[in-house]
Amino acid sequence: MTGLSAKNIVLQRGGATLLADLSLSFPPAGSVAIVGPNGAGKSMLMKVLAGIEAPTAGQVLLGGRPVPELSAGARARAIGYLPQHFEPHWDLSVLDLVRLGVERAGDAVAGVLDRSIEQYELTALRQRRWSTLSGGERGRVLLAMVLATNPPVLLADEPSASLDIRHRLDAVRTLAHYGRDRLSIVVMHDLDLAFRLFERVVVMERGHVAADGSARDLIDTPALDAVFGVRFERVVLGDGRILHAGL
Amino acid sequence: MKPWLVLLSCLVAGFAVAACAGHDWATPAELVRAAAGDDTMRSRLLLEWRLPRVIASAFVGALLGLGGAVFQGVFRNPLAEPYLLGSAGGAGLGAAIALLVPLGGLPQSVMLPLLAFAGAWGATASVVLISRVAGAVDAAGLLLAGVAVAAVLAALRSFLMLALSDDTVNLQVVLSWVLGGVQTPTWAGLGVLALISAACFGLALTLARGLDVLGLGETMAKSFGLDVRTFVALAVLAGSVVVAAAVAYGGLVAFVGLAAPHVARWLVGPLHRPLLPASALVGALVVTLADAIARSALPPAEIPLGLITAIAGGPFFIFLLARRLRA
């Protein structure tokens, strides 16, 4: 079981405190949306959880073990990280990019590469270069690279921000469904999708957790209005509710 | 398969032309006779002088192409060049000391490659140290530190050349080495160069996957399990070893390390596993042909190899720069 937890995380860079004594615990499976206004520290939290940024104080535990104690390879196999922006320096083909993602597992099982290419509908694009792909195609390539090895933990830093509505829905659904049998933590700007598709929502504000709970319960909390500085209307739609920002 | 066939065919053809080229051009039949053991003076000259020189040029070019591909990969910048990091400048200073300063002990043929290696290592270590002290261990920080160190090393080399050249030291020898040029080795010396080249090739190949992952960006590379800081430092040092070997045997030959990886990338794509050997092959072809021109263009004089590569490589660099700026 690969639960993830952050204990008393402090992150300071250039004299500024980006994460302030933040503690969170995630079970081995579940979908979690991290929301919050710009500058709340969401992206930095993702990087700290992924072991990409070392915290100034506190520690991140994966399956009970501190992440820095894991070898780089073990960490790469256990945690899949989808960055907010991804632009490879060299104009690699789709096949090369997905292969690099598959190979990070070290002992890649034969057939994983072909299966990933097929799963993310990239068969016709195998030989295409990154520079020739559309935004939606790039999103699928990135998902294939990171999810090819089925890491037990997925950390996604709002990877759908630049996609059109259809591709954004596809991507967010994929990320949320990933949490059915593994842990999927996704930074979301779209509150509507966050509350509709994810089981749990963590609201961040200025480097700390302002609210944390199930999406169903948290949608009513006034903390949301306070954190975003907006008065939300809770609109009943079907068997659930959606947030509508009042003007 | 096709690009490799094209590359190897071009190299064989280039090698044949270079073996024929010289003050006095040889025919393919004369080359075959020399290789078969013909005992005439002409055949012996071809076998003992021209062929080792051509093969040595190919090795020097391969090392320059390899070093360039490593540096461009590590800095994720197609305009990065071994010379920018100070490694070539350090090797140049070390070699100038070997040529100008009477050190005693070991013969110059041994001292020169040794001091070139030491200079390249020292310069690269200085660059890495300076960038760390300045807190800028990223690619831009290393490149800027490299430019500064290279400038200081070039000034020191010029000072040594002015201060220590006297009646006993032939300044022209040093100058011609600084301007680049492959010396004719013995067959035994060529064996040593072949071993060094093979070791450098093996060393560079171990970096291939790391360079590919690094090309995804530092954040992605870290998430893919690459210890970016350690890898960059090791790759820079490994690239310096390759460049030092090239400088020790070929002097300061500009632009091959820049151009060869570009041509190789057009042929085999940007993935480093094929790119590294392809860059070595393109570098070998370029220097073999450039050396042939150096030996045959203005008989009986020999044009410094570095001048030919600079004349051809300068416009290529400007073309790349213009294309990049437009993009």
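# A guided tour of chains A and B

Begin with chain B, which has 327 residues: a compact globule of that length would have a radius of gyration near 20 Å, and chain B agrees because its own value is 20 Å (taken over C-alpha atoms, with the globule rule being 2.2 Å times the number of residues to the power 0.38). The model is predicted, so local features need pLDDT of at least 70 and side-chain atom pairs count only at pLDDT 80 or more, while totals for chains, interfaces and linings use all residues. Residues are numbered from 1 along each chain as its sequence is written, and chains are lettered from A and ligands numbered from 1 in the order in which they are written.

**Chain B as a whole**

With chain B still selected, its C-alpha atoms fill a box of roughly 65 × 55 × 35 Å along the principal axes. Colour it by secondary structure and you will find 14 helices and zero strands (helices, H or I, of at least four residues and strands, E, of at least two are DSSP runs numbered from the N terminus). Of the 327 residues of chain B, 49% count as buried, a residue being buried if 20 or more other C-beta atoms lie within 10 Å of its own, exposed if 12 or fewer, and partly exposed in between, with C-beta atoms placed from the backbone. Among the contacts in chain B with a separation of 6 or more, 78% are between residues 24 or more positions apart; two residues are in contact if their C-beta atoms, placed from the backbone, lie within 7 Å.

**Where the chains meet**

Next, show both chains: the contact takes 18 residues from chain A and 16 residues from chain B. On the side of chain A that touches chain B, the elements giving two or more residues are helix 2 (72–78) and helix 3 of chain A, and the largest share, four residues, comes from helix 2. That side of chain A divides into 11 nonpolar, two polar and five charged residues (Ala, Val, Leu, Ile, Met, Phe, Trp, Tyr, Cys and Pro count as nonpolar, Asp, Glu, Lys and Arg as charged, and the others, Gly among them, as polar).

Now select helix 3 of chain A, residues 94–103, where eight of the 10 residues are buried, including Val94(A), Asp96(A) and Arg99(A). What do the buried residues of helix 3 of chain A pack against? They pack against helix 4 (112–119) and helix 5 (135–147) of chain A, together with helix 9 (208–214) of chain B.

Move to strand 8 of chain A, residues 183–187, in which five of the five residues are buried. Leu183(A), Ile185(A) and Val187(A) point one way, and Ser184(A) and Val186(A) the other way. Strand 3 (residues 30–35) of chain A pairs with strand 8 in the parallel sense over five bridges (two strands pair if DSSP finds at least two bridges between them), and Val32(A) has Ile185(A) as its bridge partner. Five bridges also join strand 7 (residues 153–157) of chain A to strand 8, again in parallel, with Ala156(A) opposite Val186(A).

**The open sheet**

Finally, select the open sheet of four strands in chain A, whose order is 2-1-4-5 with antiparallel pairing. Its edge strands, each pairing on one side only, are strand 2 (16–26) and strand 5 (65–66) of chain A. Seven bridges join strand 1 (residues 4–13) of chain A to strand 2, and Leu4(A) has Phe26(A) as its bridge partner there.
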